[in-house]
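Hi everyone, thanks for coming. Let me put the sequence and the structure up on the screen, and then I'll talk you through a few places in it.

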Amino acid sequence: MGNLFSFSLISSLIILSLLPVIYFLVNRCMNFKFNRRVIILSILIATIFPFLSNFNYKVIELPEVSGQVFKYIKAEVISMTTNELKSQVISFILIIYIAGLIFLVIKEFISYIRLFILILRARRIKKEGYTLCIINEKNISPFSWGNFIVFPGGREIESPILLHEIAHTHFKHWRDIILLDIFCIFTWYNPFSWVIKSLAKLNHEFEADNMVIQEGVDVKEYQKLLIFKVIGEKSFSITNNFSLNKSHFRKRVLFMNRGETKERNWIALFGLPSIIVSLFLISTPPIAAMLANISDYSIKQWPFIRKDIPISLADEPNVMPEYKGGYEALYQLLFDNIQFPETLLNESGINKKVVINLSITELGEINEVKILHSPSKEIESEIRRVIKMTQGKWEPATIDGHPVTSTINLPITFTTM
């Protein structure tokens, strides 16, 4: 789940960088089909790119060392409580993210159930290219989804409104809404994702309004109908509604009065540098390290408080974990067993630094081995092999005599003369 949240953060940053481009296109460019393609492409880029990338950058501050074939340096011990505090913060954020995700998925599911029930109960009249559904509810705004056009019963079906909804079905705007809803749920905490969805729906309305006017409907009469006949009626957010967003009315009315304008498709060209800037920000060490830490987090780490002993965040281990025989013996074991990669043996003056992160359980067992910094895969594999030889040879950290889980960092320097 940490990976999903990390990917959503990357998607949010990419879509944020593209928001100005999309905003100016929708409000300035009357090539509605082009605008629609740019929006969908932007969503696809923001969604797919994080899954094709691997941001595994670690920020490690290494001490200055020099010396012989191995320069042993004292192990840096990180207390369990510091790591647990960090874990609790990540856990809290992930729980909120997942809770929001589940809530919106359920809400979306319920909306579709209500929609399908409404359509099933309606009096359906099949027409060429769509199905007209007459429902009993009188205070719902006309809307369309898929090939279904829904009108409330008990009132006249105005031809301009019907033409407007036919346009939505003709252009298959419902497909865009499904994609946008999925993206907004995926990045629900990002308000700019919802702004993109609102802009996409506004573009849909512009495109449908334009088709109505091209059919010969009087612009003034259509504007009056738009303003006075449907304001205050209920609507479905998962559909294209004639009166979905009241804040868009003024824009739609003004847009009809523009007439022919110069194409401004060139605005989309600014999307490329926007994406490049966002990718540069993502690759910077602080952001990349944060994303890597979140991605590495797993559900099994979620328990906040250890149940075996009562401790507080202010507690520090009285005794740090230690290798049986001392760290001198540990480094001697490493020195005796690590086989330096042959590819580097022929190079002189090589100074390679490795930082190992060990998680030692309250039973003195190695629970996890992480290589925080390694110059090559060969050295990393060799370190992992030798570290396994220390299994069961550790004394755990303790708080007031109670064994606790903790982590330590072991920096090692390989030097060839």
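This is a predicted model: local features need pLDDT of at least 70, side-chain atom pairs count only at pLDDT 80 or more; totals for chains, interfaces and linings use all residues.

Residues are numbered from 1 along each chain as its sequence is written, and side-chain values use heavy atoms, with hydrogens and water left out.

So, the overview. The protein has 13 helices and 14 strands; helices here are DSSP runs of H or I with at least four residues, strands are runs of E with at least two, and both are numbered from the N terminus. Of the 417 residues, 47% are buried, and buried means under 20% relative accessible area, with exposed over 50% and partly exposed in between, using a 1.4 Å probe and protein chains only. What share of the contacts with a separation of 6 or more comes from residues 24 or more positions apart? That share is 77%, where contact means heavy atoms within 4.5 Å.

Now the sheet. Strands of a sheet pair through backbone hydrogen bonds, either parallel or antiparallel. Here, five strands form an open sheet, and their order is β3-β4-β6-β5-β7, with mixed pairing. Two strands count as paired if DSSP finds at least two bridges between them. The edges are β3 and β7 (240-241), each of which pairs on one side only.

Let's walk across from the β3 side. Strand β3 (residues 123-127) runs antiparallel to strand β4 (residues 130-135), with five bridges, and K127 sits opposite Y130. These strands make a hairpin with two residues between them, and G129 in that turn has a positive phi of about 90°.

Stop for a moment at T131, which is part of strand β4. Is T131 buried or exposed? Its relative accessibility is 12%, so T131 counts as buried. Beyond its neighbours within four places in sequence, T131 touches R124, I125, K126, N147, F148 and I149.

Next, β4 pairs with β6 in the parallel sense, over five bridges, with I134 opposite F151. Strand β6 (residues 148-152) is largely enclosed by the rest of the structure, because four of its five residues are buried. On to β5: three bridges join β5 to β6, and these strands run antiparallel. W145 has F148 as its bridge partner in β6. This is a hairpin too, with two residues between β5 and β6, and G146 in the turn shows a positive phi of about 60°. Finally, strand β5 (residues 143-145) runs antiparallel to β7 with two bridges, and S144 stands opposite N240.

On to the helix pairs. Two packed helices are described by the angle between their axes and the distance between the axes. Axes are lines fitted to C-alpha atoms, for helices over the stretch in contact, and angles run from 0 to 180 degrees between N-to-C directions.

Helix α2 (residues 32-52) and helix α6 (residues 191-214) have axes that come within 10 Å and cross at roughly 160°. That makes α2 roughly antiparallel to α6; the cut-offs are under 35 degrees for roughly parallel, over 145 for roughly antiparallel, 65 to 115 for roughly perpendicular, and oblique for the rest. On the α2 side, the contact includes F32, I39 and I43, and on the α6 side, I196, A200 and F206 are among the residues taking part.

For helix α11 (residues 327-337) and helix α13 (residues 377-387), the axes also come within 10 Å, crossing at roughly 125°. These helices are therefore oblique to each other. L333, L334 and N337 of α11 meet E382, R385, V386 and I387 of α13.

L18 lies in helix α1 (residues 2-28) and is buried, with a relative accessible area of 4%. Leaving out neighbours within four places in sequence, L18 contacts S42, G271, S274 and I275. K172 is in the loop between α4 (159-171) and α5 (173-186). K172 is not a glycine, yet it has a positive phi of about 55°. At 31% relative accessibility, K172 counts as partly exposed.
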